[in-house]
Amino acid sequence: MRRVILLVVLALLGASAFLFVWAPFATEHPKHADAIVVLAGSRSRLPIALDLLHRRVAPVLAISRDPGDKVRTRLCRLPPSHAYCFQATPFSTRGEAEAIAAMARARHWRSIAIVSSRFHLFRVRLLVRRCTDAKLELVPAPVTWWRWPQFVALEWVKLALAETTRRSC
């Protein structure tokens with residue numbers, strides 16, 4: 001019995017490291033996209049998205065608006081030039097996936113660079129691919145090391161929900 005438990009724990013740790021920490025599908029330096037989308041959440045995401053815009057990876061930046069984030073709220077009040085904000089409904093990764101797909105259809109985006117925390121990228125890819133066939137480049141934002149266990153545990157729960165009860169786009 002102990003061996004079985006040990007094997008399950010090791011398999012879970014290995015899968016967690018592969019899916020949420022290593023994230024081999026992540027793109028550190030995307031070359032070109034039709035748009036950059038930064039998802040709501042960690043404050044470390046926006047500077048990376050702004051850097052991509054500055055490096056002209058894409059001509060436009062779409063910012064998922066978190067009502068509680070004062071920096072994003074200020075950015076969202078600026079006149080739109082190359083960046084604009086959107087509010088996902090529902091305010092969740094699934095809502096953001098639906099909003100990304102709607103923007104991609106309306107603006108004819110065929111490739112999208114999405115910036116989110118590394119632990120989040122696997123589920124982002126899963127959910128956005130359900131909604132659009134645009135080529136995705138998933139750009140990781142850094143995560144504070146001591147928060148990894150909490151984020152990975154939550155991602156397992158959210159991934160289980162996305163694969164069972166919340167499978168639609």
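How many bridges pair strand β4 with β5, and in which sense? Select residues 111-117, strand β4, together with β5: the two pair in the parallel sense over seven bridges. Strands here are DSSP runs of E of at least two residues and helices are runs of H or I of at least four, both numbered from the N terminus; two strands pair if DSSP finds at least two bridges between them.

This is a predicted model, in which local features need pLDDT of at least 70 and side-chain atom pairs count only at pLDDT 80 or more, while totals for chains, interfaces and linings use all residues. Residues are numbered from 1 along each chain as its sequence is written, and side-chain values use heavy atoms, with hydrogens and water left out.

**The sheet**

Now show the five strands, which form an open sheet with parallel pairing in the order β3-β2-β1-β4-β5. The edges are β3 (83-86) and β5 (135-141); each has a single partner strand, so one side of each is left without a neighbour in the sheet. From one strand to the next the twist averages 25°.

Axes are lines fitted to C-alpha atoms, for helices over the stretch in contact, and angles run from 0 to 180 degrees between N-to-C directions.

**Helix α5**

Next, select V124 in helix α5. At 1% relative accessibility V124 counts as buried (under 20% relative accessible area; over 50% is exposed and in between is partly exposed, with a 1.4 Å probe and protein chains only). Beyond its neighbours within four places in sequence, V124 is in contact (heavy atoms within 4.5 Å) with L39, T93, I114, S116 and L138.

Move to R123, also found in α5 (residues 121-131). R123 counts as buried, at 6% relative accessibility. Outside the four places in sequence on either side, R123 is in contact with T93, E155, K158 and L159.

**Helices α1 and α6**

Finally, select α1 (residues 2-22) and α6 (residues 148-163), which pack at an angle of about 90° with their axes 11 Å apart. The two are therefore roughly perpendicular (65 to 115 degrees; under 35 is roughly parallel, over 145 roughly antiparallel and the rest oblique). Residues to display include L12, A15 and F20 of α1 and W148, V152 and W156 of α6.
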